[in-house]
Amino acid sequence: MSTGRDNTQHQRDEGAEEQRHPQGDRSILVASQWQLMWRRLKRHRLAMASLVVLFFIYAMAIFAPFISPYDPFETYPQRTFAPPQIPRFYDPEAGFSIRPFVYGLTSEVDMEARRRVHTIDYDEMLPLHFFVRGEPYNLFGIMETDIRLFGVEEGTAFIFGTDRYGRDMFSRIAHGARISISIGLIGVFISFVLGVSIGGFSGYLGGGFDNAIQRIIEFIRSVPTLPLWMGLSAALPLHWPPTTRYFAIVAILSIIGWTGLARVVRSKFLSMREEDFVVAARLINASERRVIFVHMVPTFLSHIIASLTLSIPGMILGETALSFLGIGLRPPVVSWGVLLQQAQNVATLARSPWLLIPGIFVILTVLAFNFLGDGIRDAADPYSTEGV
Amino acid sequence: MSDNVRQPMLELINLRKYFPVKKGFFRRHVADVKAVDGVSFSLYEGETFGLVGESGCGKTTLIKNIVGALRPTSGQILFTDAGGQTHDIARADRERIEAIRRDIQMIFQDPFSSLNPRMTVQDIIGEPLLVNEGKGRRASRARVAELMELVGLNPELLRRYPHAFSGGQRQRIGIARALALDPKLLLADEPTSALDVSVQAQILNLFMRLQRELNLSYIFISHDLTVVQHISDRAAVMYVGHIVETAETERLYVSPKHPYTEALLSAVPYPHPDVKKKKVVLKGGAADPQLLPAGCPFHPRCPYVEALCSTRFPSLEEVTESQQHWSACHYADSLSLRGLDTLEESAGS
Ligand SMILES: Nc1ncnc2c1ncn2[C@@H]1O[C@H](COP(=O)(O)OP(=O)(O)OP(=O)(O)O)[C@@H](O)[C@H]1O
Ligand SMILES: [Mg+2]
């Protein structure tokens, strides 16, 4: 039998933590789970790259009027279906220039084909200026200004080309990002509220309520997504104003979105309830509310975030698909799906492939959200390989 | 040792805990897992009661009933508090259970899953004080540091998260949390089984020191007989929900009165390799608590099985020749079973 005071003995016996982190990086010892997660996420290259991409896309959406050189509805009848004027730094005659420039366009009407033909005029160099004065616009509804990020002082610079009315595609894509991306966010927010509360109650209460909810979720998930969306959005009254329609579409997209999240939350609730540290919290008389919000929810919050991130692409694709088919948002609303509607005609597309550029933005955004979601999931739970 | 005049601190009477098994769309009740099936024993103040048994025999379920984490199916759990009042935990309301939990706390088996990874050591050990006494971080700081010191942790580490600690240190954190409210009785659920052998001994010593310094009583669970022997005054052997034998630790180990105890003891590693010991090898695996055989639950595996064993259930009876020694075997008096020669043989020190 050991005797006496062995406090100090114990401390010496168990100085194991020094051996666990021999590199001397002591900050990890006081790092919270969020900090550890951020460290792991930072090592995930694809996720970090996606984060940068999303940062730019969101900046584009938020500052759309500032970034776009033209008003998205301004038509240039002389410049319909104009090809992209790509910014350049090098001209064979003038050599390199630090200031980027675009070549001008000469447009004439091809009487036979009954359309405008644009040719690049390599003699006309239009230098791009930054923070130029353009059409006045209202930023965030508070600031009246006419300063735009870039533009030309004479002529026109359509870096992504124009559509059939001669509207600047770049400006339209930037404005379309606002709708397309916010639909994903609002839809995910609705899914989040529904999913967390319904899934939480289901997992927490259990029994008959849980059973009923599970059957409803199974039913909703067994209905094929696209036909359901199409049926519902085709049923929306045509005379609804654009904002009402916008929210109706978001609601339709969220009908399915919440079910996946509800399942994640429910199963987490069920497994967490038996977790030792949750039982331990109950045993020291922690209230039910404390157990849920201090011990359970923070533990699977990262899973919810990963799951939400992974469900944004579905929403964005849903909006794009519905609008592309003409039953989602409609002009004059500008969204990436609405923009792609013009690319339905193969003949038009063959002559003006730049009309597909909004599709590139959709793909870029969807991929970025997927990679980021995967990264967050891995960082949240480095030991698990199963899906969230 | 325990004169019958003394009032036990904790008395379990015929405790049962069944988990219903539900199947199908309508979740019909098809069977019961009889995790704890009629357990009775008493615990006296200052005593350590050891509980051994194979995995799945209901040890954790039993103590979770005692701390009020599970509601017993039937039976009584009588707890006598410092004021001499006796309460039946099995039937106590929430308020009463919350009061009783200040006296009874539990230590978990797995030091990794029993600490919230998102809380600092300070918040983990301080949580009982926050919840029960409304003491915030600042108010509880001194007490938390004192508790850390008490369990052999450096109080300077209180801002660290559990992941910065080794298994043994984490178990100390769990012990400090359990001690925060000054309990009288600690229920330790295999507190050393997840630890390295070298650390196990330190944690056992910590338990023994705390018992002396704080006058604690323990129910100490383990599937390791040496651990139980090292720390307990009395011990009981569990087999699928039943206590099959209980006695003072030495008596139980030296002269077992149940074939299952003998089998468990024969597997204890022997300190003298030159002494040949016959190992009793049991047939089959542990019985399924959902499908218990008729008669004695142990009879399909028992090397001494008789006809009576498969028909009549043996209740826990005091052995004639050995007082304060109970066995649930029809032949406890007539069988001559082999235990350890002396306790010192396998004790750690
Ligand atoms: N919540 C539950 N629902 C259904 N069955 C359960 C539940 N908890 C435990 N059981 C069953 O009760 C029996 C006893 O389990 P318990 O965890 O008490 O065993 P144990 O002796 O602590 O085992 P171990 O040594 O593995 O910890 C097992 O058969 C187990 O499957
Ligand atoms: Mg157990």
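The lining of the second largest pocket has nine nonpolar, four polar and nine charged residues. Here Ala, Val, Leu, Ile, Met, Phe, Trp, Tyr, Cys and Pro count as nonpolar, Asp, Glu, Lys and Arg as charged, and the others, Gly among them, as polar. This is a predicted model: local features need pLDDT of at least 70, side-chain atom pairs count only at pLDDT 80 or more, and totals for chains, interfaces and linings use all residues. Residues are numbered from 1 along each chain as its sequence is written, and chains are lettered from A and ligands numbered from 1 in the order in which they are written.

**Pocket lining**
- The lining comprises 22 residues, and A:Arg282, B:Gly68, B:Ala69, B:Leu70 and B:Arg71 lie nearest the pocket centre. A pocket is an open set of points on a 1 Å grid over the protein atoms alone, where a 1.4 Å probe fits, with protein on both sides within 12 Å along at least five of seven lines; lining residues have an atom within 4 Å of a point.
- H1(B) gives the most to this lining, with four residues. Helices are DSSP runs (H or I, at least four residues), numbered from the N terminus.

**Ligand 1**
- Around ligand 1 are 14 residues, of which B:Ser55, B:Gly56, B:Lys59, B:Thr60 and B:Thr61 come nearest. Near means a heavy atom within 4 Å.
- H1(B) also gives the most to the shell around ligand 1, with three residues.
- The shell has five nonpolar, six polar and three charged residues.

**Atom distances to ligand 1 oxygens**
- A backbone N or O atom of B:Gly56 lies 2.7 Å from a ligand 1 oxygen atom.
- For B:Cys57, a backbone N or O atom lies 3.2 Å from an oxygen atom of ligand 1.
- B:Glu190 has a polar side-chain atom 3.0 Å from an oxygen atom of ligand 1.

Conventions: Side-chain values use heavy atoms; hydrogens and water are left out. A polar contact is a pair of N or O atoms within 3.5 Å; within protein, one must be able to donate a hydrogen and the other to accept it, and residues adjacent in sequence count only if both atoms are side-chain atoms. Helices (H or I, at least four residues) and strands (E, at least two) are DSSP runs, numbered from the N terminus.
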